[in-house]
Amino acid sequence: MHVAIIGNGVTGVSAAIRIRQLQPDWKITMISGESDYHYSRPALMYIFMGHMRYQDTKPYENSFWELNKIDLLRDWVTEIDTQNKQLKLHKNSSLNFDKLLIATGSKSNKFGWPGQDLDGVQGLYDLMDLKLLYENCKGAKNAVIVGGGLIGVEFAEMLHSRNIHPTFLVREKSYWNNVLPKEESEMVNKLIRKQGLGLKLETELKEIVDNGNGRVKGVITDKDEFIDCEVVGLTAGVSPNIDLAKESSINTGKGILVDWGFRTNETDIFAAGDCAEIIKEGEERNLLQQVWYTGKMQGKVAGESISGLENTTYDPGIWYNSAKFLDLEYQTYGMIMPKAKDSEEHLFWEHENNLHAIRIVTENGSVTGINVMGLRYKHKVCESWIREKRSLEYVFDNLKEANFDPEFYTRFEEDIIRKFKKEQAA
Ligand SMILES: Cc1cc2nc3c(=O)[nH]c(=O)nc-3n(C[C@H](O)[C@H](O)[C@H](O)COP(=O)(O)OP(=O)(O)OC[C@H]3O[C@@H](n4cnc5c(N)ncnc54)[C@H](O)[C@@H]3O)c2cc1C
């Protein structure tokens, strides 16, 4: 049995390792056009800022793959022939498979802006983008970042670390307010401005202007304002990379359509991670998950499905994400929508310095969501409160123990609980 895996990101790798555990004798080939070895994509910014070397972002020693009999192939897949179970490759001719996992990740969105293909204009997704950024930053003084979100703020921080002044163009009224509730979103606005970065809200990109030599010299916004810049970062979100599947008989929607065992409509072909869209029968919206830990979990379950483990189904568990807005660390547990539902009660505490905050959401007396900004709480503890449907009283009693900020950091739990209790009593 030969399993081919397209993509050596966290999803492909987690699947390969699981298959090897369950099927010691199967042949596994993992193909990637981007890199010889798996590395941590979220660490791209740290490589650029000099905090980590590329080799430190590889979670496994190079010898790991040979020891585990996982063959690595550096190439781009150009076509999936589902009928003949064959992959067409860019450098090598082709590769036959018995089972296939597509784990091709995401792609940076481009919306057909005039000038989007000029030199100096780029997304931030992979090592090719990183290499391009080193070039594009040479001699640059100003940059424009199109779109808010998590990758946009990382891009800005990277540029700022090289004394390039970034200005965000954000379509919304407030930073990432299609995801963050108003207060958290405003904290990010304040921080961006406090750190001296440009932030233009309710502003969209109209055109990227050519300097006459095919390179960007500035952008024009929908307010007809010209902004001088030598670099433009396109960070208006990512979309599942379904290029290969779209050109084949594999069904796609926004992502590659799969069931809860990551099976596509084609026998022996699976898809998981950022590129997959899990069909939620009878529901309006399917499930797309585009973060690191879900890629890891999905890859593991896909590996079990591929290996033939019976009754394997993916359990997305309780939603969790963590990120950083410049210096502001952010953790979210459960599904907290930007606008509270009528059935929810939201308690929100923010320090007057705008650098620390916590939101606790309850529904029918049980905790359903927690947002933390500028504080560090233990993942396992917060997740268990939601899973075990704990009451607010229980959370208040245990809030101090959930904090795992370093020893000499100021603790705010007493303040937080005092405010929340006062609000509840009112
Ligand atoms: C800059 C940045 C920062 C991020 N930070 C965070 C974070 O802090 N926390 C978090 O949870 N998530 C973060 N993410 C998201 C996270 O990295 C992704 O969710 C995760 O990498 C998805 O894993 P994946 O294996 O599904 O896909 P990917 O990691 O995208 O891997 C897909 C692989 O498939 C390869 N591939 C694609 N097409 C082909 C082809 N035709 N032929 C051969 N190979 C192909 C690609 O080259 C790539 O190596 C970040 C993403 C980016 C871009």
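These legends accompany several close-up views of a predicted model.

Local features are described at a pLDDT of at least 70 and side-chain atom pairs only at pLDDT 80 or more, while totals for chains, interfaces and linings use all residues. Residues are numbered from 1 along each chain as its sequence is written, and side-chain values use heavy atoms, with hydrogens and water left out.

**View 1. Helix 4 packs against helix 5.**
Welcome to the first close-up. Helix 4 covers residues 127-137 and helix 5 covers residues 149-160; helices here are DSSP runs (H or I, at least four residues) and strands likewise (E, at least two), numbered from the N terminus. Their axes lie 12 Å apart, at an angle of about 45°. Axes are lines fitted to C-alpha atoms, for helices over the stretch in contact, and angles run from 0 to 180 degrees between N-to-C directions. The pair is therefore oblique, the class left over once angles under 35 degrees (roughly parallel), over 145 (roughly antiparallel) and 65 to 115 (roughly perpendicular) are set aside. The crossing of helix 4 over helix 5 is right-handed, meaning that the near helix is turned clockwise from the far one by less than a right angle. Leu-130, Leu-133 and Cys-137 of helix 4 meet Phe-155, Met-158 and Leu-159 of helix 5, where contact means heavy atoms within 4.5 Å. By class, this contact has six nonpolar, no polar and no charged residues.

**View 2. Helix 8 is mostly covered.**
Helix 8 runs over residues 292-306, and its end C-alpha atoms are 21 Å apart, which agrees with the 21 Å that its 15 residues should span at 1.5 Å a residue. That expected span is 1.5 Å times one less than the number of residues. Eleven of the 15 residues are buried, that is, under 20% relative accessible area, with exposed being over 50% and partly exposed in between (1.4 Å probe, protein chains only). Among the buried residues are Tyr-293, Gln-298, Val-301, Glu-304 and Ile-306. Their cover includes strand 1 (2-6), helix 1 (10-22), strand 7 (99-102) and strand 21 (320-325). After helix 8 comes Gly-308, with a positive phi near 90°.

**View 3. Asn-163 and Asn-311 both have positive phi.**
Neither residue is a glycine. Asn-163, with phi of about 60°, sits in the loop between helix 5 and strand 11 (165-170). At 70% relative accessibility, Asn-163 is exposed. Asn-311, with phi of about 55°, belongs to the loop between helix 8 and strand 21, and is exposed at 76%.

Asn-92 is partly exposed, at 36% relative accessible area. Leaving aside residues up to four places away in sequence, Asn-92 touches Leu-73 and Asp-75. Its C-alpha atom is 9.4 Å from that of Val-77, 15 residues away along the chain.

Glu-423 counts as partly exposed, at 33% relative accessibility. Although Glu-423 and Leu-347 are 76 residues apart along the chain, their C-alpha atoms are separated by 8.0 Å.

Notes
Ala, Val, Leu, Ile, Met, Phe, Trp, Tyr, Cys and Pro count as nonpolar, Asp, Glu, Lys and Arg as charged, and the others, Gly among them, as polar.
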